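Here are my notes on the model you sent over. Have it open while you read, and check each point against the coordinates.

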Amino acid sequence: MAKVVVVTSGKGGVGKTTTSAAFSAGLALRGYKTVVLDFDVGLRNLDLIMGCERRVVYDLLNVIHGEGSLNQALIKDKRVENLFILPASQTRDKDALNLEGVERIINELKERFDYIICDSPAGIEKGAITAMYFADEALVVTNPEVSSVRDSDRIIGMLSSKTRRAEQNLSVKEHLIVTRYDPARVNRGDMLSAADVQEILAIPFLGVIPESKSVLVASNSGVPVTLDKDNDAGSAYMDVVDRFLGQERPFRFMDVPKRGLISRLFGT
């Protein structure tokens, strides 16, 4: 049975699109046929991070309004066999979205894919509500700072009240991901700890993604960070994917790395 997973947060700039790209690529690497949909109509970025911006001919709204078929709009990733992208429109606004059209697309995708990942725009307006409406599960992405956590708490409330599962007296299964995590700054009291965020939001915890330059490099290169096995962020996202799939993985990147004798002696 195909599952619809929304990647959401409320606050902009926390790493939703990076997470959508990395998570969907990770699922595909694990053998699951995966499609990721960009719901950020008018401000699409997913195609850039996935490295397929020059291949966009038709988009989500073209399919909704009958201006192109789903097959014409889907873009197959060149690096991962099981990964596809459905980009958003860059020339229209979110008012052009409608639930009937989105439902038709998702039902068609369910016949072809194991996982449908919905990359939500920031905020709590129509685009975000549409992205979460058909979700079975949700990845709530937050930074370890107060305003981001507060916005994520608001989104958790919307997941329990503004989705189709809520209307059916069912629940959306929620998962927490804390991005841009720096344990040294946590120790200095400059940011919330992962335990603090878990206590405030009180939803199951999938892990932290460490602050890493490789995320920016990967995004600028159009490569999901999970395709680079030699960086902490990519490894952390693969841990998140594996935990989501029900596998046991130790929680890494939550403590300051211990310094060796040479580095302690010479202060490096």
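1. Ground rules. This is a predicted model, where local features need pLDDT of at least 70 and side-chain atom pairs count only at pLDDT 80 or more, while totals for chains, interfaces and linings use all residues. Residues are numbered from 1 along each chain as its sequence is written, and side-chain values use heavy atoms, with hydrogens and water left out.

2. Salt-bridge count. I take a salt bridge as a side-chain nitrogen of Lys or Arg within 4 Å of a carboxyl oxygen of Asp or Glu. By that rule the count comes to eleven. One of them pairs Arg164 with Glu103, at 2.9 Å from N to O. Arg164 sits in helix α8 (residues 164-167) and Glu103 in helix α5 (residues 99-110), so this pair ties together parts that are 61 residues apart in sequence. Helices here are DSSP runs of H or I with at least four residues, strands are runs of E with at least two, and both are numbered from the N terminus.

3. How open is that pair? Buried means under 20% relative accessible area, exposed over 50%, and partly exposed in between, using a 1.4 Å probe and protein chains only. Arg164 has 22% relative accessibility and counts as partly exposed; Glu103, at 29%, counts as partly exposed too.

4. Arg188 and Asp190. These side chains meet in a salt bridge of 3.2 Å, N to O. Arg188 is exposed, with a relative accessible area of 56%, and Asp190 is partly exposed at 44%.

5. Arg252 and Asp239. Their closest N and O atoms are 2.9 Å apart, and they form a salt bridge. Arg252 is in the loop between α12 (232-244) and α13 (261-266), while Asp239 is in helix α12, so the pair links distant parts of the chain, 13 residues apart. Arg252 is partly exposed at 37% relative accessibility, but Asp239 is buried at 8%. Separately, salt bridges that share partners join Arg30, Asp242 and Arg249 into one network.

6. Which buried residue has no salt bridge? Look at Glu174, in strand β7 (residues 173-181). Glu174 is buried, and the nearest side chain of opposite charge, Arg165, is 9.9 Å away. For charge, Lys and Arg count as positive and Asp and Glu as negative, with His and the chain ends not counted. Leaving out residues up to four places away in sequence, Glu174 touches Ala138, Ile156, Leu159, Ile203 and Pro204, contact being heavy atoms within 4.5 Å.

7. Helices α7 and α10. Helix α7 (residues 146-159) packs against helix α10 (residues 194-201) at an angle of about 35°, with the axes 10 Å apart. Axes are lines fitted to C-alpha atoms, for helices over the stretch in contact, and angles run from 0 to 180 degrees between N-to-C directions. From α7, Val149, Ser152, Asp153 and Ile156 meet Val197, Ile200 and Leu201 of α10. These contact residues divide into five nonpolar, one polar and one charged. In that scheme Ala, Val, Leu, Ile, Met, Phe, Trp, Tyr, Cys and Pro are nonpolar, Asp, Glu, Lys and Arg are charged, and the others, Gly among them, are polar.

8. Pro183. This residue lies in helix α9 (residues 183-188) and is buried, with a relative accessible area of 11%. Pro183 touches Phe253, Met254, Asp255 and Val256, again not counting residues up to four places away in sequence.
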